[in-house]
Amino acid sequence: MALLDIKDVTVGYETGAVAEHITFQVNPGDYLCIVGENGSGKTTLMKTLLRLQKPLAGTVEYGDGLKPNEIGYLPQQTEVQRDFPASVREIVISGCQARLGRRAFYAREERQLAAEMMERMGIEALADRCYRELSGGQQQRVLLGRALCAAQKVLLLDEPAAGLDPKATAELYRLIKQLNRDGVTIMMVSHDITAALQDASHILHVGSSVFFGTKSEYRNSRIGKLFLESKGGEA
């Protein structure tokens, strides 16, 4: 059963639609990359999937027991967020906040989960370091650990490699691919079409035209060929 079933969705704001007639499914274990020109509605779509805003039309259905608050989200970072004065441990465990209920403090279970996620991300040695002292790649690993504390079934990633140097970008993509191999379903907005076609199982292209299918189907589609040519990617 599909985790997400999106049918003829239009996303946007009170001022009007940003992207229309979007239809796709996400199944357990998928690695979906969402691509398109700047301003085509990729981030707006993610916010709609998280129920941070309502679709202007169409339906978003959650299946296989998935709830919107069980989707881990890694948004684009701002400069203010990069300078956040907290320890790595504090940021990672903050992903457990939804589990607290009326409790004021984290329990041993949450502290253990945070420790496991830091180990999984390879940042356990940085636990007591201040977040703002870390490199961009290390910060993204911290935020991935936080997102996994919030939800370990599905991750939504919005341009996770933005601002990273080529080495840190490659390491981050390898980590995301490994998470997918370990059973985490990935939905990722990316401007890096070459990386998208290397790792993704499916591509969703949004904009004036919409495409959804496997990466092989995308390569062979008219919209895919045009977009790859415009970005200098492989055909």
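Before sorting any lining by class, I note that Ala, Val, Leu, Ile, Met, Phe, Trp, Tyr, Cys and Pro count as nonpolar, Asp, Glu, Lys and Arg as charged, and the others, Gly among them, as polar.

The model is predicted, with local features needing pLDDT of at least 70 and side-chain atom pairs pLDDT 80 or more, while totals for chains, interfaces and linings use all residues. Residues are numbered from 1 along each chain as its sequence is written, and side-chain values use heavy atoms, without hydrogens and water.

**Largest pocket.** I looked up the pocket (on a 1 Å grid over the protein atoms alone, an open set of points where a 1.4 Å probe fits, with protein on both sides within 12 Å along at least five of seven lines; lining residues have an atom within 4 Å of a point). Its volume, the space filled by probe spheres set on the points, is about 400 Å³. Of its 19 lining residues, Asn69, Ile71, Gly95, Ala98 and Ala150 lie nearest the centre, and by class the lining has eleven nonpolar, five polar and three charged residues.

**Second largest pocket.** I found a volume of about 300 Å³, and a lining that includes Tyr73, Phe84, Tyr131 and Arg146. This lining divides into seven nonpolar, four polar and one charged residue.
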